[in-house]
Every structure is written in C-alpha cells, then in structure tokens.
Amino acid sequence: MGTRSAIGYKLPNGKIRAKYCHWDGYVEGGVGQTLQESYQDAVKIGRMVELGDMSTLAAEIDDCEFYGRDRGDSPRDVDAQDYDDFDDFTTSFEGCEYFYVWNGNEWLVSTGNLVFDLLETLLPEMA
C-alpha cells in the first residue's frame with residue numbers, strides 16, 4: 001500500500017491546482033524531499049502538476065510515472081483539479097496522508113489538519 005499524498009500549487013486567484021500521488025508521500029526520503037530538492041521552478045512544478053495524477057514522483061518529470069501519460073488512463077479521471085482553498089484541497093483527497101502546496105516561493109506541507117508548515121523546516125540539513 002502506498003503512502004498517498006496530494007501535490008499542488010497556489011493560483012493567483014487563491015485556488016489550489018492539485019493532483020494525487022500514490023507512492024512515498026513521506027516528507028523525509030519521499031515526495032517531500034524530492035519536491036524540496038528538485039522542484040523549485042514554477043514552470044517545472046506547473047508542468048508536473050498539469051500531467052495529472054501519478055503513481056511515483058521522481059526528480060525529473062520524464063522519470064515520473066503518470067496515470068494518463070504512462071498508463072493511458074482517461075484524462076477526465078486523472079487530470080489535475082482546482083480547489084477553492086486549503087480546506088477544500090485537504091478534504092477532497094480521501095486517504096491522503098500528506099498535502100504539499102507550492103505557494104509561489106516555497107513548499108508547504110500538511111498532514112491534513114489545516115496546519116501547513118514550511119517543508120524545508122521539516123527536512124534535515126541538505127548538503
């Protein structure tokens with residue numbers, strides 16, 4: 001069973017555009033660390049989210065496994081969606097354990113309790 005997470009970015013209108021990720025949603029050594037180390041560019045983040053729901057996140061988009069692009073799932077079932085706010089975002093992904101949002105400058109993370117922390121503060125010092 002995967003450690004499920006949701007990954008998104010904040011839109012200029014305040015909504016959150018997001019999608020589901022099935023494997024390794026953990027902060028340390030998983031999705032959180034990969035986002036912090038490899039997804040600091042808004043264009044790259046947008047491209048990754050727009051490819052929709054995914055099985056695995058990797059440092060490079062070409063190495064990620066997306067349900068639509070790589071498995072051929074129907075776009076309407078796996079496309080990224082817009083959510084009204086943080087509450088809508090965290091309650092819309094049933095079973096997710098971690099929620100990641102790029103706020104335009106840095107990654108935020110929550111365990112679904114509507115408290116978002118700066119991701120970088122939860123990771124050990126990176127060399």
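This is a predicted model: local features need pLDDT of at least 70, side-chain atom pairs count only at pLDDT 80 or more; totals for chains, interfaces and linings use all residues.
Thr34 sits in helix 1.

Beyond its neighbours within four places in sequence, Thr34 is in contact with Tyr39, Leu57, Ala58 and Ala59.

## Leu57 and its contacts

Leu57 has its own list of partners. Leaving aside neighbours within four places in sequence, Leu57 touches Ile7, Cys21, Val31, Thr34, Leu35, Tyr39, Met48 and Cys64.

## Nonpolar cores

The largest nonpolar core holds 25 residues. Leu57 is among those with the most contacts inside this core, along with Ile7, Leu35, Tyr39, Met48, Tyr100 and Trp107. Five elements are listed as giving two or more residues to the core: strand 1 (5-10), helix 1 (31-38), helix 2 (42-50), strand 6 (98-102) and strand 7 (107-110).

A further core of 14 residues lies apart from the largest one. Its members include Ile16, Tyr20, Val78 and Phe89. In soluble globular proteins, nonpolar side chains tend to be buried together.

## Helix 2 and its ends

Helix 2 has these buried residues: Lys44, Ile45, Gly46, Met48 and Val49. Met48 is also one of the residues with the most contacts inside the largest core.

Asp41 caps the N-terminal end of helix 2. One of the Asp41 side-chain oxygens lies 3.2 Å from the backbone nitrogen of Val43. Just after the helix comes Gly52, with a positive phi of about 85 degrees.

Terms used:
Residues are numbered from 1 along each chain as its sequence is written. Side-chain values use heavy atoms; hydrogens and water are left out. A nonpolar core is a set of buried Ala, Val, Leu, Ile, Met, Phe, Trp, Tyr and Cys residues joined through side-chain atoms within 4.5 Å. Buried means under 20% relative accessible area, exposed over 50%, partly exposed in between (1.4 Å probe, protein chains only). Helices (H or I, at least four residues) and strands (E, at least two) are DSSP runs, numbered from the N terminus. Contact means heavy atoms within 4.5 Å. A polar contact is a pair of N or O atoms within 3.5 Å; within protein, one must be able to donate a hydrogen and the other to accept it, and residues adjacent in sequence count only if both atoms are side-chain atoms.
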